[in-house]
Amino acid sequence: MSSTRKRLYIKTYGCQMNVYDSERMKDVLTPLGYETSEEAEGSDLVIINTCHIREKAAEKLYSDLGRLRPFKDAKADHGGMTIAVAGCVAQAEGAEIMRRAPTVDLVVGPQSYHKLPELIARAHRARGEALDTEFEVEDKFDQLPTERHVEGYSAFVTVQEGCDKFCTFCVVPYTRGAEWSRPVDQLVDEIRRLAAKGVREITLLGQNVNAYHGAPPAGREADGPWGLGQLLRHIALIGGIERVRYLTSHPRDMDEALIAAHRDEFKIMPYLHLPIQSGSDKILKAMNRQHTYAEYAELIARMREVRPDIAISGDFIVGFPGETDADFEDTMRCVREIGYASAFSFKYSRRPGTPGAAMPNQIDEDVKTTRLHALQALLDEQQTDFNRSQIGRTLPVLFEKAGRLPGQLHGRSPYLQSVHVDGPAELIGRIGQVEIEAASRNSLSGRLVGAERDVA
Ligand code: 5AD
Ligand code: SF4
C-alpha cells in the first residue's frame, strides 16, 4: 500500500447500482492513497462507469474517451493518467474497447471491482493485460472492504444482481448474468455500519430486487432462502434505520410476503417503483414480461388496499417492434388508469443479441419520438398533479442538507420529492414533520410543524 496522494475521478452513467458500484470502487481505492477529484483533468486515475441499457450510453463512452485524450497527453510527463472503463459496456464489449480505444489502460467488469488495485498494477506493467470481465459475483462482496465511506443520510445497498427474466428488449441478463443474492448477514453487517455513520434511509438495489432470495441469517438456516419481504422487515429492525426502499421490481415477483411487509412495516416507504413497460397485452407478450395489463392493474389495486397512501412509479418503453397506434393507446390508457407519481419513459433501443433486435416490424424513429412526447406530456401532468395533491398534508421529511437560501433546509418526502422548508441546521440528518403549502413538478415547500423526531 502506498501513502502517496493520488487523484481519482469517476464518471458514472446509468442506474443506481452503478452509483453504488462507483462508491465501492472509491472504497477499494482509498487505502491506496486515492482521493476523489471533481474533474478529470489532472487526475491520476479516471474511471468511466458505463451503462449498456440503451445505445447512446455506449456512444457516450467513446466521446468521453476522446475528450480525455488531451488530458492524458498533458499528464504524460507528470506521472501519467490511467484510464479505466468499468460497468456493463466494459462487461459486454471489453475486448473491443481495448482494441478501439488506445487511451484505455484497463477494463473492469462489474463483478471484478475488488480486483482494481491488482488490475491497475497490471496495466502499469503492460497495457492489454488488464482486462477482467469475470462473471462470478460471489467473490466481489466477500472481498470488498467492509468500511464504506458515506456522505449524507441516505445510502444504496446492492442486495441482488443479475436477472433471469429475459425480457426481449433487455441486455441485463446477458451483461449482468444470472440472478444472485447476497446473504442476509452480510447485508445486516453493511447496513449496521452505515447506520453507525448516521445513515437513516436505505435503498436496497437489484436489477430484479424482488426476486431476492438470500441465505438466511446464522441460526435460521432451517428457513431456507429469505425473500425480500422478510429481508425488509429484518432491516427495519436495525437501530437508526428509519426508512427502507427498494429498486427495481418485476410485477411477477411481488409475492404475498412482500405485500404483507408493506402493510405491516411503516418504515417501508409507501412508494413503489413497479415498471410495466407497455399497457398492451400483445406487446407485453412480445416483451416476454409474463403478465397481462389486467394482472398488473390488480396487483396495484392490492398494494393500494394494504397501503392506501402508496404512490406508484414506473418505466415505459415506446416503439417496441410491432407496436401499433392502438397498442400505444393501451399504454396511454394504462397510465390514465393507474395514475403515476413519477415515471421514466424511453424509446425502444435495439440492443444487439437480444430477441427484440431481430424482430420484424421495427418502428421508425420519428414515430417513437411522437409517442414518447405524448406519453411524457401525460406523465409530467400526472407528476405535477400528484405533487399538488400533497398540499395541505403533513409529511415526514428526512433533512439531507442546507437549502440554497439562508435558513433553508432541503429534504426528501416519503415519495422522494424534494422538500424546501425554513428550519434550523440541527435538523439535518433527522426527520421532521412538514405541512406542505406549495408544489411544482419537481419540488414541494412548506413549514415545519409539531415536534421533530430525533431518530439518532
Ligand atoms: N430500450 C429502451 N428502454 C430499455 N430499458 C431496458 N432496455 C431497454 C431498451 N432496449 C428500460 C426499461 C427498464 C429500464 C431500466 O430501462 O424501461 O425498466
Ligand atoms: Fe431487464 Fe428488468 Fe426484464 Fe430483467 S426484468 S430482463 S433487468 S427489464
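Predicted model: local features only at pLDDT ≥ 70, side-chain atom pairs only at ≥ 80, totals over all residues.
Visitor: Which residues does the UniProt annotation "binding site" cover?

Guide: According to the unreviewed UniProt entry, the "binding site" annotation covers Cys15, Cys51 and Cys88; UniProt positions are given in the numbering used here, feature names are shortened, and annotations may be inferred rather than shown by experiment.

Visitor: How do you know that they cluster in space?

Guide: The three are spread over 74 residues of sequence, and yet the largest C-alpha distance is 10.8 Å.

Visitor: Why is cysteine 51 called buried?

Guide: Buried means under 20% relative accessible area, exposed means over 50%, and partly exposed lies in between, with a 1.4 Å probe and protein chains only. Cysteine 51 has a relative accessible area of 13%, and is therefore buried. Cysteine 51 lies in the loop between strand S3 (45–50) and helix H2 (55–75), where helices (H or I, at least four residues) and strands (E, at least two) are DSSP runs, numbered from the N terminus.

Visitor: What is cysteine 51 in contact with?

Guide: Contact means heavy atoms within 4.5 Å, and, leaving aside neighbours within four places in sequence, cysteine 51 is in contact with Tyr13, Gly14, Asn18, Ala57, Ala58 and Val89.

Visitor: Why is cysteine 88 called buried?

Guide: Cysteine 88 is called buried because its relative accessible area is 10%. Cysteine 88 sits in helix H3 (residues 87–100), and, with neighbours within four places in sequence left aside, is in contact with Thr50, His52, Pro110, Thr175 and Arg176.

Visitor: What makes a set of residues a nonpolar core?

Guide: A nonpolar core is a set of buried Ala, Val, Leu, Ile, Met, Phe, Trp, Tyr and Cys residues joined through side-chain atoms within 4.5 Å. The largest one has 54 residues, and those with the most contacts inside it are Ile202, Leu204, Leu228, Leu231, Tyr246 and Tyr340. A second, separate core of 26 residues includes Met17, Leu45, Ile47 and Tyr113.

Visitor: Why does threonine 158 count as buried?

Guide: Threonine 158 has a relative accessible area of 0%, so it is buried. Threonine 158 is part of strand S7 (residues 154–158), and, not counting residues up to four places away in sequence, touches Met17, Tyr20, Phe141, Arg182, Leu187 and Leu205.

Visitor: How is the packing of H9 and H11 described?

Guide: Two packed helices are described by the angle between their axes and the distance between the axes. Helix H9 (residues 256–264) and helix H11 (residues 293–306) pack at about 35 degrees, with their axes 8 Å apart; axes are lines fitted to C-alpha atoms, for helices over the stretch in contact, and angles run from 0 to 180 degrees between N-to-C directions. Glu256, Ile259, His262 and Arg263 of H9 make the contact with Leu299, Arg302, Met303 and Val306 of H11.

Visitor: What is phi of glutamine 277 and of asparagine 288?

Guide: Phi is near 75 degrees at glutamine 277, a positive value in a residue other than glycine, and near 60 degrees at asparagine 288, again a positive value in a residue other than glycine.

Terms used
Residues numbered from 1 in each chain as written. Chains lettered and ligands numbered in written order. Heavy atoms only, no water.
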